[in-house]
Amino acid sequence: MVTRRKSKSRILDAVHETASDLHRLGFIDKRKMQAYDALCLSPVPEYDAARIRELRESLRLSQSVLAAVLNTSVSTVRKWEVGDKKPSGPSSKLLDLIERKGLEAVL
């Protein structure tokens, strides 16, 4: 697993690099390597109503198009933007990917 990931600190970068080398050499199994991957990743930020609306508007998307990209309903996106609900799990991760890498990253 030689994927480059943004981590929380330089120490975790070093731990992840060492674990990757040990995995590549066969000393760490896939399951243990996945645990190191999860440990070393920075957490997905929380998205509030204003941030979701700004992201959608900066991409010039309608609520229905954003809902289709995220594989969710239009009413869910509407509730996120009003503040009645907050995205979680896969939706939150997809919003983070779109914000960091652009819409093309998830299409």
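**Confidence in the model**

Modeller: This model is predicted, and in the protein chain the confidence is lowest in helix α2 (residues 30-40), with a mean of 86, and highest in α5, with a mean of 97. Over residues 1-5, the pLDDT is below 50. In the model, this stretch has ten contacts beyond near neighbours in sequence.

Biologist: What puts the buried residues of α3 on the same side?

Modeller: The buried residues in α3 are Ala49, Ile52, Leu55 and Arg56. They cover an arc of only 135° around the axis, and are therefore on the same side of α3. Glu54 and Ser58, on the other side of α3, are exposed. The cover over the buried residues of α3 includes α4, α5 and α6.

Biologist: Why is Arg60 called exposed?

Modeller: The relative accessible area of Arg60 is 77%. Exposed means over 50%, so Arg60 is counted as exposed. Arg60 is found in the loop between α3 and α4. Its phi is near 60°, a positive value in a residue other than glycine.

Biologist: How do you know that the buried residues of α4 line one face of the helix?

Modeller: The buried residues of α4 are Gln63, Leu66, Ala67, Val69 and Leu70. When viewed down the axis of α4, they fall within an arc of 160°, and so they line one face of the helix. Among the elements that cover them are α3 (49-58), α5 and α6 (90-101).

Biologist: What makes Asn71 exposed?

Modeller: Asn71 has a relative accessibility of 73%. The cut-off is over 50%, and Asn71 therefore counts as exposed. Asn71 lies in the loop between α4 and α5. Although Asn71 is not a glycine, it has a positive phi of about 55°.

Biologist: Why is Thr72 called partly exposed?

Modeller: The relative accessibility of Thr72 is 24%. Buried means under 20% and exposed over 50%, with partly exposed in between; Thr72 therefore counts as partly exposed. Thr72 lies in the loop between α4 (63-70) and α5 (74-82). Not counting residues up to four places away in sequence, Thr72 touches Ala67, Val77 and Trp80. The C-alpha atoms of Thr72 and Ser91 are separated by 8.3 Å, and these residues are 19 residues apart along the chain.

**Helix α6**

Biologist: How do you know that the reach of α6 is close to the one expected?

Modeller: α6 has twelve residues and reaches 16 Å from its first C-alpha to its last. The expected span is 1.5 Å times one less than the number of residues. For α6 the expected value is 16 Å, and the reach is close to it.

Biologist: What makes the buried residues of α6 line one face of the helix?

Modeller: In α6, the buried residues are Ser91, Ser92, Leu95, Asp96 and Ile98. Seen down the axis, they fall within an arc of 165°, so they line one face of the helix. The face turned away from this buried side carries the exposed residues Pro90 and Lys101. What covers the buried residues of α6 includes α3, α4 and α5. Just after α6, Gly102 takes a positive phi of about 100°.

Biologist: Why is Arg24 called exposed?

Modeller: Arg24 has a relative accessibility of 54%. Exposed means over 50%, so Arg24 counts as exposed. The place of Arg24 is in helix α1 (residues 10-25). Arg24 and Arg100 are 76 residues apart along the chain, and their C-alpha atoms are separated by 29 Å.

Notes
Residues numbered from 1 in each chain as written. Predicted model: local features only at pLDDT ≥ 70, side-chain atom pairs only at ≥ 80, totals over all residues. Heavy atoms only, no water. Helix = DSSP H or I, 4+ residues; strand = E, 2+ residues; numbered from the N terminus. Buried < 20%, exposed > 50% of the residue type's maximum accessible area, 1.4 Å probe, protein only. Contact = heavy atoms within 4.5 Å. Arc of directions from axis to C-beta. pLDDT = per-residue confidence, 0-100.
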